[in-house]
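Trainee: I would like to learn how to read a protein model. Can we go through one together?
Mentor: Gladly; here it is.

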Amino acid sequence: MQFLIFSLIATTFLILPSTTAQSETPPPLCSPADRAALLSFKAAISKDTTGILSTWTGANCCSGGWEGVECGGAAAGRVTTLILQNPSSGGGAAAGFMKGTLSPSLGNLRFLETMIITGMKRLAGKIPETLSNLTRLTHLVLDDNSLQGNIPSSLGHLVNIQTVSISGNHLTGQIPESLGNLRYLNQLILSKNFLSGPIPQTLIALKSLQFLDLSYNSFSGPIPDFFGHFPNLTSLVLTKNRFSGQIPVSLFGLVRVSELSIDQNQLTGKIPVQIGNLKSVSVLRLSSNKLSGQIPESIAHLPSLWNLNLSRNSLTNPFPEAAFGSGLRSLLSIDLSYNSLDLGAVPSWIKNRELSDVHLAGCKLRGALPNFTKPESLTTLDLSGNFFTSGVSSFLEHMSNLQSAKISNNLLNDDVSSIRLPDQISTLDLHSNRLSGSLTSVLSGRKIKFMEAVDISNNLISGEIPGFGIGLNLRVLNFGNNKITGQIPSSISNLAKLERFDVSRNGLTGTIPTGLGLLSKLQWLDLSINKLGGKIPASLLGIEALRHASFRANRLCGEIPQGRPFNVFPKVAYAHNLCLCGKPLPPCKGRNMGQ
């Protein structure tokens with residue numbers, strides 16, 4: 001939905017009168033009332049690392065020097081637009097924010113038409129009731145802040161409003177019935193909050209609605225039948241709520257809808273055959289519900305559909321392979337994973353299509369891995385949880401654009417050293433197979449430069465862990481439950497982005513490298529059930545992000561590093577070693593413990 005907001009912002013700027021283009025005409029002095037309202041807002045912000053409010057100086061807020069403030073239109077000297085967007089809203093240590101609250105004084109900007117305050121992260125408190133005074137307001141966007149409390153029912157007084165977007169906050173309670181008064185509303189986006197309860201019947205009056213996004217909340221009850229009677233609706237997103245009951249047949253009368261996402265709810269019953277009436281739909285997500293019965297053939301008649309996700313339901317055979325083979329000419333992404341389907345083999349219409357994403361996990365596929373006719377089109381592939389036995393050596397080689405491959409929980413018995421990987425792959429998950437051989441070829445050469453996650457746990461891998469160069473992007477390394485021997489290489493310290501490192505249940509010897517303490521982003525460390533000796537290095541105290549660690553069942557001795565989180569991890573994390581001591585274990589005795 002963000003692209004809609006960005007389009008709105010771009011359009012807003014385009015229609016604003018330019019003070020610089022008409023520099024020969026001095027800008028009008030701003031209204032003292034508007035200036036006072038803006039300065040009250042500024043006063044309610046205790047910290048601003050974006051630098052925006054530092055520009056709010058001088059007597060004239062309409063001069064063009066007050067960042068985010070625009071005046072104009074028929075009301076000379078009155079503030080009509082307030083756009084405050086975090087320039088570093090992508091996150092990270094350097095990300096900016098505003099700390100404070102939304103001042104009720106904003107309700108005094110009586111000529112305001114657009115208010116966009118987004119990505120400020122620490123902007124908290126309630127949405128002021130006074131915003132109901134802004135009767136000229138057409139766009140209200142308060143996304144990605146930390147606003148709390150209920151949605152004010154007084155927003156129902158904003159009779160000219162076209163966009164209400166308050167996603168990514170901490171709002172609670174129900175949708176106020178008064179929002180049904182907003183007859184010009186075409187975008188209602190309340191996603192990523194903590195809203196709950198049923199959908200009020202009064203929303204049936206929102207006949208202008210084009211975009212409705214209520215995803216990632218806790219709304220419950222049935223999906224309202226009247227959602228299917230919004231004639232202009234093009235996007236309906238109800239992902240990850242607690243909606244229950246059957247899918248209303250009325251939804252399939254939404255002839256203009258391009259996205260229908262009702263996944264991750266508690267919907268039951270069969271998929272209605274009327275789903276084939278959605279001739280404009282391009283994204284259809286019904287995954288993670290409790291849907292049963294067969295997949296209707298009518299889905300194959302959706303000419304614009306490019307993304308189909310029916311995964312994690314209880315859908316059964318027979319699969320309409322003939323209909324799907326002759327239809328769905330726009331399809332690029334399909335996910336049928338974890339249903340009660342017994343496909344036996346990857347359908348030929350999938351193997352022969354130019355698809356970008358194929359997810360067929362848990363579909364009871366057997367035999368050798370399939371040959372895709374157009375492997376270069378694939379970017380993600382998930383065939384985990386099946387019964388494939390062979391063919392992995394050259395399977396991925398020609399998938400030149402593949403970024404993620406998951407073939408875990410199968411019966412593959414190949415030699416891992418014979419696997420030929422495409423250069424761009426970033427995620428490789430082969431855990432819980434019967435793979436043998438050495439890791440060296442998988443974690444060497446050009447390919448490792450793009451690797452971010454490697455999971456080959458629960459196999460029969462042997463040999464040693466190879467060394468790691470500088471500048472790699474690895475975030476996850478899981479080698480647990482194999483037959484790996486030798487030492488943990490000291491070059492592990494080069495993996496500055498590593499977040500998870502699991503080498504448990506192997507035959508590793510030697511000591512724990514002190515360089516592990518340099519991995520400041522590490523959150524999960526499991527060295528358990530090996531033959532590691534020596535001490536737990538005190539340098540590990542430098543891993544401030546660590547949330548889980550286990551050193552149990554080794555040959556470690558000496559004092560556990562006495563600082564958080566190591567001295568508060570459970571005792572079991574250190575159990576079955578030679579002579580570890582210190583919190584959370586009993587205190588150390590004697591000077592030579594661990595030497």
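Trainee: Are Cys 62 and Cys 71 buried or exposed?
Mentor: First, the ground rules. This is a predicted model, where local features need pLDDT of at least 70, side-chain atom pairs count only at pLDDT 80 or more, and totals for chains, interfaces and linings use all residues. Residues are numbered from 1 along each chain as its sequence is written, and side-chain values use heavy atoms, with hydrogens and water left out. Now the terms: buried means under 20% relative accessible area, exposed over 50%, partly exposed in between (1.4 Å probe, protein chains only). Both Cys 62 and Cys 71 are buried.

Trainee: What joins Cys 62 to Cys 71?
Mentor: A disulfide is a pair of cysteine sulfur atoms within 2.5 Å. Here the S to S distance is 2.0 Å, so Cys 62 and Cys 71 are joined by one. The angle about their S-S bond is -85°, a left-handed link.

Trainee: How many disulfides does the structure hold?
Mentor: Three. Cys 557 and Cys 579 form one, with sulfur atoms 1.3 Å apart. Their link is left-handed, at -95° about the S-S bond. This pair links distant parts of the chain, 22 residues apart: Cys 557 is in strand E38 (residues 555-559) and Cys 579 in strand E39 (residues 579-581). Strands (E, at least two residues) are DSSP runs, numbered from the N terminus. Cys 557 is buried at 11% relative accessible area, while Cys 579 is partly exposed at 24%.

Trainee: Which handedness has the link of Cys 581 and Cys 588?
Mentor: Right-handed, with 95° about the S-S bond. The sulfur atoms of Cys 581 and Cys 588 are 1.9 Å apart. Cys 581 is buried at 4%, and Cys 588 is partly exposed at 30%.

Trainee: What is the pairing of the bonded cysteines in sequence order?
Mentor: Number them along the chain and the pairing reads 1-2, 3-4, 5-6.

Trainee: Now a sheet. What is the order of the strands in the open sheet of eight?
Mentor: Two strands pair if DSSP finds at least two bridges between them. The order is E8-E10-E12-E14-E16-E18-E20-E22, with parallel pairing. Strand E8 (148-149) and strand E22 (314-316) stand at the edges; each has a single partner strand, so one side of each lacks a neighbour in the sheet.

Trainee: How many bridges pair E20 and E22?
Mentor: Three, in the parallel sense, with strand E20 spanning residues 290-294. Look at Gly 293: its bridge partner in E22 is Leu 315.

How values were computed. Helices (H or I, at least four residues) and strands (E, at least two) are DSSP runs, numbered from the N terminus.
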